[in-house]
Amino acid sequence: MAKLRSKRLAIVLSLNQKELDTIGQQLSQHQEKLAQEQDKLSQLESYRDEYLSSVRSLRQTDVQSMQRQRNFIQRMQLACDQQGAMVQKVNEHCEAIMELWHQQNQKISKLEDLIARYLKEEQALVDQQEQKLIDELSTQKASRRMSAG
């Protein structure tokens, strides 16, 4: 006997759920990476701000010292900018994976709805066949009574 449509789609549903799980794991990993990158950025900004505060309190008149401090502050700002760009890139990747996850989840929901509809149709067909069999048996029983009596 051929497999019922609901059974065939159950296999497809299972494969799609595995894909959703894989996407979910990727999303989790990227969200963890995003948190790490955001933490790095926060640390860099904090260090830069602390350094700026300490430089302002020193009041150095030495031109070379001021030049080194300014260069260091510029490098710190560049590092902060680069880390900010990294955070943005990882965040965009997380958003793209989240969109894939939502699409896959919607696909699964539609498959579940379709399977439920097929199961309902299949059950209606089984019920119809059972009723037909009951009707035939009743007819045969009635025919036997009439022929016997």
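A: Start with the contacts of Ser6. Setting aside neighbours within four places in sequence, Ser6 is in contact with Ile115, Tyr118, Leu119 and Glu122. The model is predicted. Ser6 counts as buried because its relative accessible area is 4%, under the 20% cut-off.

Now the helix. Ser6 sits in α1, which covers residues 5-58. Helix α1 has 54 residues. From first C-alpha to last, α1 reaches 79 Å, close to the 80 Å expected at 1.5 Å a residue. Just after α1 comes Arg59, with a positive phi of about 50°.

Gln104 has a relative accessibility of 10%, so Gln104 counts as buried. Its contacts, again leaving aside neighbours within four places in sequence, are Asn16, Glu19, Leu20 and Ile23. Ser6 belongs to residues 5-58 of α1, and its partners include Tyr118 and Glu122.

Last, the cysteines. Cys80 is buried because its relative accessibility is 4%. Cys94 is buried too, at 6% relative accessibility. A disulfide is a covalent bond between the sulfur atoms of two cysteines. A search of the whole structure finds 0 disulfides.

Key:
Residues are numbered from 1 along each chain as its sequence is written. This is a predicted model: local features need pLDDT of at least 70, side-chain atom pairs count only at pLDDT 80 or more; totals for chains, interfaces and linings use all residues. Side-chain values use heavy atoms; hydrogens and water are left out. A disulfide is a pair of cysteine sulfur atoms within 2.5 Å. Buried means under 20% relative accessible area, exposed over 50%, partly exposed in between (1.4 Å probe, protein chains only). Helices (H or I, at least four residues) and strands (E, at least two) are DSSP runs, numbered from the N terminus. Contact means heavy atoms within 4.5 Å. The expected span of a helix is 1.5 Å times one less than its number of residues.
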